[in-house]
Amino acid sequence: MSSIEGAVSQIDAVQAALVLRPQTAASEDLTCKRALVDDPSEVELLGVSFSQRPARWYDEWCDALGADPTAATVITTPELGDDDLGDRDLGVETVAAPSNLTGVGVKTTPYLNEWSDAVVAVESLTVLLQYASPQVVYRFLHVLTTRIQTTGSAGQFYLDPTIQDAQTVDLLTTLFDVVVECDGGEDDWTVRRRE
């Protein structure tokens with residue numbers, strides 16, 4: 001067992017990482033986000049977030065990276081997307097509802113095709129699973145992780161395993177190169193690589 005920094009330092013060149021942590025460990029997300037990015041000064045950040053307003057989402061990522069990303073766009077709903085961005089250099093794309101995973105996939109494609117240092121951040125799978133069945137989320141993630149791999153991008157996906165049944169968690173973990181998991185307290189992180 002180790003800290004999140006120690007656990008993530010074991011990872012090298014990961015394209016798709018699943019972070020399993022209960023909401024009580026969400027305070028570690030900023031550290032995890034930074035640790036999973038190869039070069040924060042070159043990041044082109046593509047987010048999928050249905051739980052935060054874009055400005056707050058962007059500010060948290062800037063804190064995690066220690067700098068503004070080179071480019072950033074977040075996909076959200078119209079209700080959350082209607083946000084005052086101030087002077088943030090952030091694009092906002094919307095889909096009608098979190099259940100519109102086809103729409104989310106369509107919105108990600110141009111960015112993954114055009115950006116050379118894209119990091120896709122899906123926060124959170126827990127929310128997506130409230131709107132779509134595990135099988136539908138699995139199919140969406142299979143397509144998205146395949147696009148991430150074929151475009152040479154990277155992806156971070158966050159899930160609270162205490163809210164989902166073990167069968168769903170086990171199903172989703174099969175899609176990722178690495179699973180970073182909080183096994184208890186903030187110093188109990190482990191890393192599993194896909195065989």
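The largest pocket holds about 360 Å³ of space. A pocket here is an open set of points on a 1 Å grid over the protein atoms alone, where a 1.4 Å probe fits, with protein on both sides within 12 Å along at least five of seven lines. Its volume is the space filled by probe spheres set on the points, which are joined across faces, edges and corners. Lining residues have an atom within 4 Å of a point. There are 21 of them in the largest pocket, and L36, V37, D38, D39 and A154 are the closest to its centre. Helix α2 and strand β5 (118-123) each give two or more residues to this lining.

This is a predicted model: local features need pLDDT of at least 70, side-chain atom pairs count only at pLDDT 80 or more, and totals for chains, interfaces and linings use all residues. Residues are numbered from 1 along each chain as its sequence is written, and side-chain values use heavy atoms, without hydrogens and water.

The second largest pocket holds about 260 Å³. Its lining has 16 residues, with R21, Q23, D29, S51 and E123 nearest the centre. Helix α2 gives the most, three residues.

D29 sits in that helix, α2 (residues 29-35). Its relative accessibility is 10%, so D29 counts as buried (under 20% relative accessible area, 1.4 Å probe, protein chains only). Leaving out residues up to four places away in sequence, D29 touches R21 and Y158 (heavy atoms within 4.5 Å).

Helix α3 (residues 54-65) holds W57 and W61, four residues apart. W57 is buried, at 0%. W61 is also buried, at 0%.

Notes
Buried < 20%, exposed > 50% of the residue type's maximum accessible area, 1.4 Å probe, protein only.
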